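Subject: Structure handover

Hello,

Here is the structure I promised to pass on. Please open it first, then read my notes below.

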Amino acid sequence: MAAEKPRYVVPNSVDLKAATASTVQIYATLRKALIDYVSPQDEMLRGFVGQPERIYVRSAPTGVTFPYITLLLSRTSLAAYNGYRETAQLEVQAIGRPESQLPLVESAVDLVDQCLTAYTNPSSGLIVGRSRTRNTVPMFSDPADSTVVAVLATYELYLWPTVLTSRV
């Protein structure tokens, strides 16, 4: 059986100076912003999702330790901006198990909210975040696992990615 592919950006796998040069780098930039964010109360996500941080792209690996966070990015460009500016939806799922982890999961998403609703990264291209929608997922019933808790948040981001704005 083949080794499972990593579901996150591993150290030194992308150049974060080129924050928007590719979709992978956009994910890496946003993941790094979440990892590095320090709240006014000196809290960081690694206090909730461990070290190394369990923040994955698309889905968590098999046998993951709870709690963890997954990221999923959907990007749209409009003709009004000649395809240069995008509106993106970043879906963040914070998952915990057992049910007693719900306060931990809610607190982790509080930090994500603080980080992304005021986020601006002009290092290469531009990423700006200003709004969000957040929902605590109701308790599952059979046949799903009722011990799993989740918070789903969607952040609206505006991107001027170099992958599009550096066209010849």
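What share of the 168 residues of the chain counts as buried? The figure is 41%. Please keep in mind that this is a predicted model.

Start with the layout. The chain has four helices and six strands. Read from the N terminus, the order is α-α-β-β-β-α-β-β-β-α. Now look at contacts with a separation of 6 or more: 60% of them join residues 24 or more positions apart.

**The cores**

The largest nonpolar core has 33 residues. Which of them touch the most other members? They are Leu-45, Ile-69, Leu-90 and Leu-116. Several elements each supply at least two residues of this core: helices H1 (23-36), H2 (46-49) and H3 (102-116), and strands E1 (55-57), E2 (68-77), E3 (86-96) and E6 (149-160). H3 gives the most, with seven residues. There is also a second, separate core of seven residues. Ala-60, Val-64, Val-148 and Ala-150 are among them.

Take Leu-45 as an example from the largest core. Set aside residues up to four places away in sequence. Leu-45 then touches Leu-34, Gly-50, Ile-55, Ile-69, Ala-108, Leu-111 and Val-112.

**Helix H1**

H1 has 14 residues. From first C-alpha to last it reaches 20 Å, close to the 20 Å expected at 1.5 Å a residue. Ten of its 14 residues are buried, so H1 is largely enclosed by the rest of the structure. The buried ones are Gln-25, Ile-26, Tyr-27, Ala-28, Thr-29, Leu-30, Arg-31, Ala-33, Leu-34 and Ile-35.

**Helix H3**

H3 has 15 residues, which should span 21 Å at 1.5 Å a residue. Its end C-alpha atoms are 21 Å apart, so the two values agree. The buried residues of H3 are Val-105, Glu-106, Ala-108, Val-109, Leu-111, Val-112, Asp-113, Cys-115 and Leu-116. What covers them? The cover includes H1, H2, E2, E3, strand E5 (126-136) and E6.

**Where H1 meets H3**

At what angle do H1 and H3 pack? It is about 115°, with the axes 9 Å apart. H1 passes H3 in a right-handed crossing. From H1 come Leu-30, Ala-33 and Leu-34; they meet Val-112, Cys-115 and Leu-116 in H3. The contact has six nonpolar residues, no polar ones and no charged ones.

**Two residues to look up**

Is Glu-106 buried or exposed? Glu-106 lies in helix H3. Buried means under 20% relative accessible area. Glu-106 has 19% relative accessibility, so it counts as buried. Beyond its neighbours within four places in sequence, Glu-106 is in contact with Arg-134, Thr-136 and Val-151.

Now turn to Leu-78, in the loop between E2 and E3. Its relative accessibility is 43%, so Leu-78 counts as partly exposed. Not counting residues up to four places away in sequence, Leu-78 touches Gly-83 and Arg-85.

That is what I found. Please go through it with the structure open.

Best wishes

Note on methods
Residues are numbered from 1 along each chain as its sequence is written. This is a predicted model: local features need pLDDT of at least 70, side-chain atom pairs count only at pLDDT 80 or more; totals for chains, interfaces and linings use all residues. Side-chain values use heavy atoms; hydrogens and water are left out. A nonpolar core is a set of buried Ala, Val, Leu, Ile, Met, Phe, Trp, Tyr and Cys residues joined through side-chain atoms within 4.5 Å. Buried means under 20% relative accessible area, exposed over 50%, partly exposed in between (1.4 Å probe, protein chains only). Contact means heavy atoms within 4.5 Å. Axes are lines fitted to C-alpha atoms, for helices over the stretch in contact, and angles run from 0 to 180 degrees between N-to-C directions. A crossing is left-handed if the near helix is turned anticlockwise from the far one by less than a right angle, and right-handed if clockwise. Ala, Val, Leu, Ile, Met, Phe, Trp, Tyr, Cys and Pro count as nonpolar, Asp, Glu, Lys and Arg as charged, and the others, Gly among them, as polar. The expected span of a helix is 1.5 Å times one less than its number of residues.
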